[in-house]
Amino acid sequence: MQIKRRGLLIILSSPSGAGKSTLSRRLMEWDPSIRFSVSATTRPPRPGEVDGREYHFLDRETFERMVDEGAFLEHAEVFGNLYGTPRAPVEAAIEEGNDILFDIDWQGGQQIRNSPLSEDVVSIFVLPPSIRALEARLRKRGQDPEEVIRARMSRSRDEISHWAEYDYVLVNDDLERCSTEVETIVSAERLRRRRRPGLTEFVRSLNREFEELMG
Ligand code: ADP
Ligand code: 5GP
């Protein structure tokens, strides 16, 4: 039975290379109704990235103007580039009862958790099975030059130090298992009583039925 509920804000963070893009993709294949929050960034597109799909690619001036206009729910600087979450699509998704997925760093996670939307947030942190595995995955992805890989590795330590701020912490050793864990978290969080305002009306209808049957 379908009971009206509020949309979830699913925050997925991890050090770069631990697998959050892969897990995000799989989560949206599992449930295509989950929307992806397309961030804005000043970093240049990587090969294969499409404007409006992975990111909205903006120049710094446009980005900073949007910050001043309050267009972002959160924003932060990562690897010398600016990243931000556009506010409007998130507010629309929650109102419509749709879930929305964020691939953002710990700074963005903190800002959203401390915003008026905190009740709607479920945060998941993904750890790599080892630092060697993390480095191997960054190299395997083959998208970044050597100096960028070194910079990402040194930032990973900082990102990992925020693990305990998240509701759930997963180790992405086996991809199948980790994907199932993410799906299990989302399934359970959707069923929380406070996220299902429709329950009050449903229980009222059960009570009316009691009256009818038993007087
Ligand atoms: P992130 O988005 O966290 O930077 P990606 O999802 O791009 O990471 O993953 C980095 C690389 O690691 C990709 O090549 C991906 O296919 C691979 N990968 C992801 N999860 C696993 C896993 N559990 N085991 C082995 N390789 C993985
Ligand atoms: P990448 O350049 O590899 O796509 O992303 C670098 C880092 O920026 C990742 O940790 C990613 O989660 C984070 N990031 C992407 N979009 C946003 C955003 O809108 N806000 C914040 N705070 N971080 C973001």
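Analyst: Let us begin with a pair of charged side chains, Glu165 and Arg113, which meet in a salt bridge with 3.7 Å from N to O. Please keep in mind that this is a predicted model.

User: Why is the contact between Glu165 and Arg113 called a salt bridge?

Analyst: A side-chain nitrogen of Lys or Arg must lie within 4 Å of a carboxyl oxygen of Asp or Glu, and the N to O distance here is 3.7 Å, so the pair meets the definition. Glu165 lies in the loop between H6 and strand S9 (168–171) and Arg113 in helix H4 (residues 106–113), so the pair ties together parts that are 52 residues apart in sequence.

User: What makes Arg113 buried or exposed, and what about Glu165?

Analyst: Buried means under 20% relative accessible area; Arg113 has 19% and is therefore buried. Glu165, at 30% relative accessibility, falls between the limits of 20% and 50% and therefore counts as partly exposed.

User: How do you know that the charged end of Arg113 sits over the ring of Tyr166?

Analyst: The distance to the ring centre is 4.9 Å, and the limit for a charge over a ring is 6 Å, with a further condition on the angle to the ring normal. Arg155 likewise lies over the face of Phe79, at 5.4 Å from the ring centre.

User: Why is the pair Arg60 and Glu64 said to be separated by about one helical turn?

Analyst: The two residues are four apart in helix H2 (residues 60–68), and that is why the separation is given as about one helical turn.

User: What makes Asp31 and Arg190 a link between separate parts of the chain?

Analyst: Their side chains meet in a salt bridge at 2.7 Å, N to O. Asp31 lies in the loop between H1 and strand S2 (35–36), and Arg190 lies in helix H7, so the pair ties together parts that are 159 residues apart in sequence.

Note on methods:
Residues are numbered from 1 along each chain as its sequence is written. Chains are lettered from A and ligands numbered from 1 in the order in which they are written. This is a predicted model: local features need pLDDT of at least 70, side-chain atom pairs count only at pLDDT 80 or more; totals for chains, interfaces and linings use all residues. Side-chain values use heavy atoms; hydrogens and water are left out. A charge sits over a ring if NZ of Lys or CZ of Arg is within 6 Å of the ring centre and within 35 degrees of the ring normal. Buried means under 20% relative accessible area, exposed over 50%, partly exposed in between (1.4 Å probe, protein chains only).
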